[in-house]
Amino acid sequence: MSQRDRARLDTPRDPRRSFVRQRRVDSDSFGSFAEDFARFMGTAKFLAYMTLFVAVWVLWNVVTPESWRFDPFPYIFLTLMLSLQASYAAPLILLAQNRQENRDKVVAEQDRRANARAHADMEFLAREVASLRMAVGEVATRDFLRSELRGLLAELEEAREDREGGSGRDPRGERDGRDDHAARRAPGDG
């Protein structure tokens, strides 16, 4: 006996006992049958079979001898057969549509969740890119450093030229460093 067929211990039993064991119908297998049937009814093959069936029915009841005919001209029995087929087909088609609608709901919910995750990821990445742009804006680039170093080099060369030009003072108006050093020496150091 399978796990599915056993009664659960936490569910009370039905007090009525039947002498005939009731057959359980698996709704999923019946639903898949309904979907297969509805798919078949929506094909050209089904329409061809139905047209052939009705044509044979009508021809049989028109061409054959009177004693062999089972449904004379108003074709009441044919109408009954087609109505019976339609009365069974309609609920099966509705069942197939309901199952498809349930699947569509599940897929739509999964798509919604995936879209929400993708949107959150895109927002996170946009914030990260913005923060990287801000951080890169604050970082000294190679070109900026080169231009600054060139400027400093030009200032140093000007200062050296001014010093070598005989003024003995650096560009800031102070005395040459050699004179400073000599002035700091105390007399008698030597």
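Predicted model: local features only at pLDDT ≥ 70, side-chain atom pairs only at ≥ 80, totals over all residues.
Residues are numbered from 1 along each chain as its sequence is written, and side-chain values use heavy atoms, with hydrogens and water left out.

**Nonpolar patch and annotated spans**

F53, W60, W68, F70, F77, L80 and M81 make a nonpolar surface patch of about 720 Å². A patch is built from residues with over 30% relative accessible area and no salt bridge, where like charges are joined within 9 Å and nonpolar side chains (Val, Leu, Ile, Met, Phe, Trp, Tyr) within 5 Å; the areas come from the Shrake-Rupley method with a 1.4 Å probe, and for residues only the protein chains shown count as cover. Helices α2 (44-63) and α3 (76-138) each supply at least two residues of this patch, and the largest share, three residues, comes from α3. Helices here are DSSP runs (H or I, at least four residues), as strands are (E, at least two), numbered from the N terminus. F70 lies in the loop between α2 and α3, and F70 counts as partly exposed because its relative accessibility is 44%, the classes being buried under 20% relative accessible area, exposed over 50% and partly exposed in between (1.4 Å probe, protein chains only).

The unreviewed UniProt entry lists residues 46-63 and 75-95 as "transmembrane region"; its positions are given in the numbering used here, feature names are shortened, and annotations may be inferred rather than shown by experiment. In the model, residues 46-63 are 100% helix and 0% strand, with end C-alpha atoms 25 Å apart, while residues 75-95 are 95% helix and 0% strand, with end C-alpha atoms 31 Å apart.

**Salt bridges**

Side chains of opposite charge can pair when their charged atoms come close. With a salt bridge taken as a side-chain nitrogen of Lys or Arg within 4 Å of a carboxyl oxygen of Asp or Glu, the count comes to eight. The table gives three of these pairs.

| Salt bridge | N to O distance |
|---|---|
| R99 and D28 | 3.2 Å |
| R39 and D36 | 3.3 Å |
| K105 and E101 | 3.8 Å |

The pair of R99 in helix α3 and D28 in helix α1 (residues 27-41) links distant parts of the chain, 71 residues apart, and D28 is partly exposed, with a relative accessible area of 48%. R39 and D36, by contrast, both lie in helix α1, three residues apart, about one turn of the helix, and D36 is partly exposed at 48% relative accessibility. K105 and E101 are separated by about one helical turn because they are four residues apart in helix α3, and E101 is partly exposed, with a relative accessible area of 41%. Salt bridges that share partners join D28, E35, R99 and R103 into one network.

G31 is found in helix α1 and counts as buried because its relative accessibility is 0%. Leaving aside neighbours within four places in sequence, G31 is in contact (heavy atoms within 4.5 Å) with L95 and R99. G31 and N98 are 67 residues apart in sequence, and their C-alpha atoms are 9.5 Å apart in space.

N61 has its place in helix α2 and is buried, with a relative accessible area of 4%. Leaving aside neighbours within four places in sequence, N61 is in contact with R69, F70, D71 and Y75.
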